[in-house]
Amino acid sequence: MGVRLMVVDDHRLLAEALASALKLRGHRVLAAAAPAAGAAELVISRAPEVCLLGTATPAEPGMFDPVVKIKRERPQVAVLVLGPVPSPRGIAAAFAAGASGYVRHDERIEGVERAIMKARAGEAAVAPQLLQGAFGELLNPAAQPDDEGQRLLQMLTPREVEVLVRVADGEDTRLIAAGMGIAPSTARTHVQRVLMKLGVGSRLEAAALAARTGLLDRAERPASVYSEGAENAENAENAENAENAENRDTRAGPDSPR
């Protein structure tokens, strides 16, 4: 007995070819459509027994939103996903959305037909090893990779983050001091603390680490001081000279000769 079904795929030629092959095998194809973006509304309006839904990226977030919508509006429709060689995460995402099965794009027409019959009967239409991997992923989802950039960012104070960004922008000590309104000696202290916390031995290494881990993308970039150039550098130098003079007076004591 033939199955009332629909074939939806972004590749129209594939959808039409598969629909023609299934018609020749005695199935009633209500529609062969593209793109898959409008699949949910089309399937809801036609209400087939089985919908073959093509996808090129089964692991992409939101890819199976149409499946969720179809199952919410037409729970009796069995959705069979057609896709590339899948990862367990892709299979898991399809089943989590409510799909009844997963068939590879390169499957023979006999295999597709068997999957259709299983899906209509309420069975899982997927190879046993793929199904095992999918449920393993659902029960024990893989942990997200460690975000090294975020971890390093949390180690630094806001002022140290600004210093690191300025170092990565190529600013020297005097420009860092001018841009932050601090003495050059204070700027050097901040730089040394940043190097120590990041576990690197030079400014170049610090800049490379920040860029590689994406730390710079998360940090708020300070206003550039290059446009003010020599004036800021001169102010920074004056600040350092004043600080040094004050330190000398302090060491000399109140009764010492000037």
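The legends below describe close-up views of a predicted model.

Residues are numbered from 1 along each chain as its sequence is written, and side-chain values use heavy atoms, with hydrogens and water left out. In this predicted model, local features need pLDDT of at least 70 and side-chain atom pairs count only at pLDDT 80 or more, while totals for chains, interfaces and linings use all residues.

**View 1. The largest nonpolar core has 24 residues.** A nonpolar core is a set of buried Ala, Val, Leu, Ile, Met, Phe, Trp, Tyr and Cys residues joined through side-chain atoms within 4.5 Å. Buried means under 20% relative accessible area, exposed over 50%, and partly exposed in between (1.4 Å probe, protein chains only). Val163, Leu164, Ile176 and Leu198 have the most contacts inside this core. At least two of its residues come from each of helix 7 (148-155), helix 8 (158-168), helix 9 (173-180), helix 10 (184-198), helix 11 and helix 12. Helices (H or I, at least four residues) and strands (E, at least two) are DSSP runs, numbered from the N terminus. Apart from this core lies another, of 21 residues, including Val67 and Val126.

**View 2. Val163 sits in helix 8.** Val163 counts as buried because its relative accessibility is 0%. Not counting residues up to four places away in sequence, Val163 touches Ile176, Met180, His190, Val191 and Val194; contact means heavy atoms within 4.5 Å.

**View 3. The axes of helix 8 and helix 10 cross at roughly 90° and come within 9 Å.** Helix 8 is therefore roughly perpendicular to helix 10. Axes are lines fitted to C-alpha atoms, for helices over the stretch in contact, and angles run from 0 to 180 degrees between N-to-C directions. Angles under 35 degrees count as roughly parallel, over 145 as roughly antiparallel, 65 to 115 as roughly perpendicular and the rest as oblique. Among the residues that meet are Val163 and Leu164 in helix 8, and Val191 and Leu198 in helix 10.

**View 4. Thr213 lies in the loop between helix 11 (203-212) and helix 12 (215-218).** Thr213 is buried because its relative accessible area is 12%. Beyond four places away in sequence, Thr213 touches Glu148, Gly149, Leu152 and Arg218. The Thr213 side chain reaches the backbone oxygen of Leu209 at 2.9 Å.

**View 5. Helix 2 (residues 39-46) has Ala39, Ala40, Val43 and Ile44 as its buried residues.** Seen down the axis of helix 2, these residues fall within an arc of 125°, so they line one face of the helix; the arc is that of the directions from the helix axis to the C-beta atoms. Their cover includes strand 1 (4-8), strand 3 (50-54) and helix 3 (65-73).

Note on methods: A polar contact is a pair of N or O atoms within 3.5 Å; within protein, one must be able to donate a hydrogen and the other to accept it, and residues adjacent in sequence count only if both atoms are side-chain atoms.
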